Amino acid sequence: MRIGQYKDGEFPTDSRELAKRLFYTVYMGTENSSEGTRSRAKRLAEEIGSFHFDVPIDSVVSVFLSLFERFTGKRPLYKVDGGSHTEKLGLQNIQARIRMVLAFMMASLMPWVHNKSGFYLVLGSSNVDEGLRGYLTKYDCSSADINPIGSVSKQDLRAFLRWAAVHLQYSSLAEVEAAPPTAELEPIRTDYNQLDEVDMGMAYEELSIYGRLRKIFRCGPVSMFQNLCHRWCGRLSPSEVADKVKHFYKYYAINRHKMTVLTPSYHAESYSPEDNRFDLRQFLYNTAWPYQFRKIDQLVQDIDKDGKWVDSTDMQLRERRAVRSAQGSGMGVVAAGSANPSVGL
């Protein structure tokens, strides 16, 4: 009652009425935002009962770009419009950082607008996989006071959205879960649509596996390669597994510094990469991983030379799936650093 600032004898009539007093949502779209994302945000806000705003930020982005052009003489272009990769990143980052500034501004001033005391907390919405891969802008809209989902992987979040759509009766969540994940920070063209997994070069399902192996099973590049060779036997060759592991660890090393400023999370899982309180480790790595990658290459050559890597039969694959199902976590190999898939079973 105190937080909702109800007067004596007043009580919430339902959850939506309480949310209207406590929860503000704002959709900060640009010319790169789709109508589908905008409408889903509006419908979800209506189902929850939040005080919702639709605030276009194109004019703010334009002011920043004009200012930059004034003192440099250059105006960046998106890659789809002929710009470079550097220009593309700069244009995406300014959109994301404007959203952070506006979110904190609204959190501090909306109580004043509605003649209330105090201030609001800004909630973050980035997940574990985005943090682990570094698929976020430092000090952007992922920066907040607290992140309720910051320790949860994309795969687990999608499962929760499907559950909540049915059991909490927020039907719009089913559409949110089904929509292809996209940052919508680049122009939409008939032959181009920005997608998270294409940008990252890996699927969210793979990222969830990498995250568990890295944190829970304490795998480095070599032991992760060994584990995944057993898990993905029959699907990928050793060299393909090696390429995926190297790609992950390259970008993990490049973006590890972002983990030091991640928003504090509610830790509901054990694989969070959040550096300040949960995943204490170095944040500067040699992005080439010379020893580890050289060792992986050697293992690939040894496997190819020995001829031990053969396509698994359907029965072997079913047996592996049965073992993973029995373990619950679905990680395949339990012991970190072990090349033996039976260890720990």
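**Figure 1. Arg-256 and Asp-279 are both buried.** In this predicted model, local features need pLDDT of at least 70 and side-chain atom pairs count only at pLDDT 80 or more, whereas totals for chains, interfaces and linings use all residues. Residues are numbered from 1 along each chain as its sequence is written, and side-chain values use heavy atoms, with hydrogens and water left out. Buried denotes under 20% relative accessible area, exposed over 50%, and partly exposed the range in between (1.4 Å probe, protein chains only). Arg-256 forms a salt bridge with Asp-279, and their closest N and O atoms are 3.2 Å apart. A salt bridge here is a side-chain nitrogen of Lys or Arg within 4 Å of a carboxyl oxygen of Asp or Glu. Both residues lie in the loop between α11 and α12, so the pair ties together parts that are 23 residues apart in sequence. Salt bridges with shared partners join Arg-214, Arg-256, Asp-279 and Arg-281 into one network. Helices (H or I, at least four residues) and strands (E, at least two) are DSSP runs, numbered from the N terminus.

**Figure 2. A salt bridge links Lys-244 and Glu-206.** Side chains of opposite charge can pair when their charged atoms come close. The N to O distance between the side chains of Lys-244 and Glu-206 is 2.8 Å. Lys-244 belongs to helix α11 and Glu-206 to helix α9, so this pair ties together parts that are 38 residues apart in sequence. Glu-206 is buried, at a relative accessible area of 14%, while Lys-244 is partly exposed at 25%. Leaving aside neighbours within four places in sequence, Glu-206 is in contact (heavy atoms within 4.5 Å) with Trp-232 and Lys-244.

**Figure 3. Asp-54 and Arg-38 meet through their side chains in a salt bridge.** The N to O distance is 2.9 Å. Asp-54 lies in strand β2 (residues 51-54) and Arg-38 in helix α2 (residues 35-48), so the pair ties together parts that are 16 residues apart in sequence. Asp-54 is partly exposed at 40% relative accessibility, and Arg-38 is also partly exposed, at 22%. The count for the model comes to 14 salt bridges.

**Figure 4. The largest nonpolar core has 30 residues.** A nonpolar core is a set of buried Ala, Val, Leu, Ile, Met, Phe, Trp, Tyr and Cys residues joined through side-chain atoms within 4.5 Å. Met-224, Phe-225, Leu-228 and Phe-248 have the most contacts inside this core. The elements that give two or more residues to the core are α9 (204-215), α10 (221-231), α11 (238-255) and α12 (290-306). Helix α11 supplies the largest share, seven residues. Apart from this core lies another, of 16 residues, among them Tyr-24, Ile-57, Met-106 and Ala-144.

**Figure 5. Helix α10 is mostly covered.** Of its 11 residues, 10 are buried, including Pro-221, Met-224, Phe-225 and Arg-231. Beyond neighbours within four places in sequence, Phe-225 is in contact with Pro-238, Val-241, Ala-242, Val-245, Ile-296, Leu-299 and Val-300. Leu-213 is found in helix α9 and is buried, with a relative accessible area of 1%. The C-alpha atoms of Leu-213 and Met-224, 11 residues apart along the chain, are separated by 6.6 Å.

**Figure 6. The model has zero disulfides.** A disulfide is a pair of cysteine sulfur atoms within 2.5 Å. For Cys-233, the nearest cysteine sulfur is that of Cys-229, 8.4 Å away. Cys-233 is buried at 9% relative accessibility, and Cys-219 is buried at 4%.

**Figure 7. Arg-218 and Tyr-139 have positive phi values.** Arg-218, although not a glycine, has a phi of about 55°. Arg-218 sits in the loop between α9 and α10 and is exposed at 69% relative accessibility. Tyr-139, likewise not a glycine, has a phi of about 60°. Tyr-139 is found in the loop between α5 and α6 and is partly exposed, with a relative accessible area of 45%.

**Figure 8. Six residues, Leu-22, Phe-23, Phe-119, Leu-121, Leu-123 and Ile-146, form a nonpolar surface patch.** Patches are made of residues with over 30% relative accessible area and no salt bridge, with like charges joined within 9 Å and nonpolar side chains (Val, Leu, Ile, Met, Phe, Trp, Tyr) within 5 Å. Together these residues have about 560 Å² of accessible area, from the Shrake-Rupley method with a 1.4 Å probe, where for residues only the protein chains shown count as cover. Ile-146 is found in the loop between α5 (128-133) and α6 (154-167) and is partly exposed at 36% relative accessibility.
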